[in-house]
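Please look through the sequence and the model shown below.

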Amino acid sequence: MAKRIKEISVMNVLLALMVIFIHVSGDAVITLDKYKSAYIIVMTLWRLCQVAVYGFIFLSGLKLCLKEDIDYEKFYISRFKTIIIPYIVWVIIYYIYYYNHSYYPKDANHVKILYEAIITGNMASHFYFVIIIAQFYLLAPFFKKMVKKSNAKVCIFVSLLITLISMYAGQNVLYNDRIFTTYIFYFVFGCFMGANYEKFKSFVKKYFIVISLAFLISAFLFIFVAYYMNIGKIPYNFYIEYIRTVYCICAILFIFGVCLKIKNVYNNTLVQKTDSASYYIYLVHSFFIPIINDIMLENSIKTVKYTFPIRAVYVYLVSICLCISYVELKNRFLKRGELKS
């Protein structure tokens, strides 16, 4: 296993925890009274955590370009084993659960449903990330060459324009959120930061106060506009997506800066194991939400002040513990195989 860079791994863990929060808090955001402080707190955290997937895409580009040379045959085999196969397995597991709970009619074309689910990532709301990242990995040689041959500022600016145009042009297009151009800025930005990693770290350290201020201002603006749209005081307008983009850029830089400062928490064994299991945690966590929801419903637990914390604790504990245990067992099995050979 390649040596982990502490700040990247810590950021990876934080983003994984944020993704879980988005999904365990979704019901509370929908059902809480929008004029109560509880809603404002949960909605604020829910909105702030929406940087997570963009952050993962940024980190994917960054890690791709940290190394100058890549053996693409090994790269694609590795990504197929570590990204695609677990994804397909969990699509099937989710489907079996949904089928057994009558989410699909018995006479449905189940092969077609599974095929479409794997291709589009529609089996679970967060699976779209796998479809996006697979597209970027397929184009990895192009991005590596771009970083070597092109001007960083020009490429980052052009990629931002492509992202903004794709977001606007595709707002009424089915599966636009699964097309790589909608996220290309974050990946390209990550690629150039990975290729110039030491300069990137120095920049973030030097301007961390400015980055923090930009993060706070953009976060406040994003939350303010989102809240007043939610309560109907401001009519919905697509410009909130551009505000979200500004927020996400500032948040990625801010989170990375924070991780540089706290990178030594990676020395903690639990953080290391969570980092190693982060992709599985991403795939698995949402599976346990309907399970705990059914358990609470059977026990007549319906009030949000109880369902939200119970759901959060259950999903965090079960998904993290299960995935860490799986990775530990897998690594032990692989080590035994290596020793025997």
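**Helices, core and loops**

Helix 8 (residues 140-149) packs against helix 10 (residues 184-195) at an angle of about 55 degrees, and their axes are 10 Å apart. Helices here are DSSP runs of H or I with at least four residues, numbered from the N terminus. The axes are lines fitted to C-alpha atoms over the stretch in contact, with angles running from 0 to 180 degrees between N-to-C directions. This is a predicted model, in which local features need pLDDT of at least 70 and side-chain atom pairs count only at pLDDT 80 or more, while totals for chains, interfaces and linings use all residues. Residues are numbered from 1 along each chain as its sequence is written, and side-chain values use heavy atoms, without hydrogens and water.

How are helix 8 and helix 10 oriented to each other? They are oblique, a class left over once angles under 35 degrees are called roughly parallel, over 145 roughly antiparallel and 65 to 115 roughly perpendicular. The crossing of helix 8 with helix 10 is right-handed, meaning that the near helix is turned clockwise from the far one by less than a right angle. On the helix 8 side, F143, M146 and V147 meet I184, F187, V188, C191, F192 and A195 of helix 10; contact means heavy atoms within 4.5 Å. The residues of this contact are nine nonpolar, no polar and no charged, where Ala, Val, Leu, Ile, Met, Phe, Trp, Tyr, Cys and Pro count as nonpolar, Asp, Glu, Lys and Arg as charged, and the others, Gly among them, as polar.

The largest nonpolar core has 117 residues. Such a core is a set of buried Ala, Val, Leu, Ile, Met, Phe, Trp, Tyr and Cys residues joined through side-chain atoms within 4.5 Å. M11, I57, F58, F127, F136 and F200 have the most contacts inside it. Not counting residues up to four places away in sequence, F127 touches Y87, W90, V91, Y94, G121 and L283.

T182 sits in the loop between helix 9 (152-169) and helix 10. With 8% relative accessibility, T182 counts as buried (buried is under 20% relative accessible area, exposed over 50%, partly exposed in between, with a 1.4 Å probe and protein chains only). Apart from neighbours within four places in sequence, T182 contacts T163, S166, M167 and N176.

S102, in the loop between helix 5 (72-100) and helix 6 (110-120), has a positive phi of about 60 degrees although it is not a glycine. At 55% relative accessibility, S102 counts as exposed.

Note on methods
Helix = DSSP H or I, 4+ residues; strand = E, 2+ residues; numbered from the N terminus.
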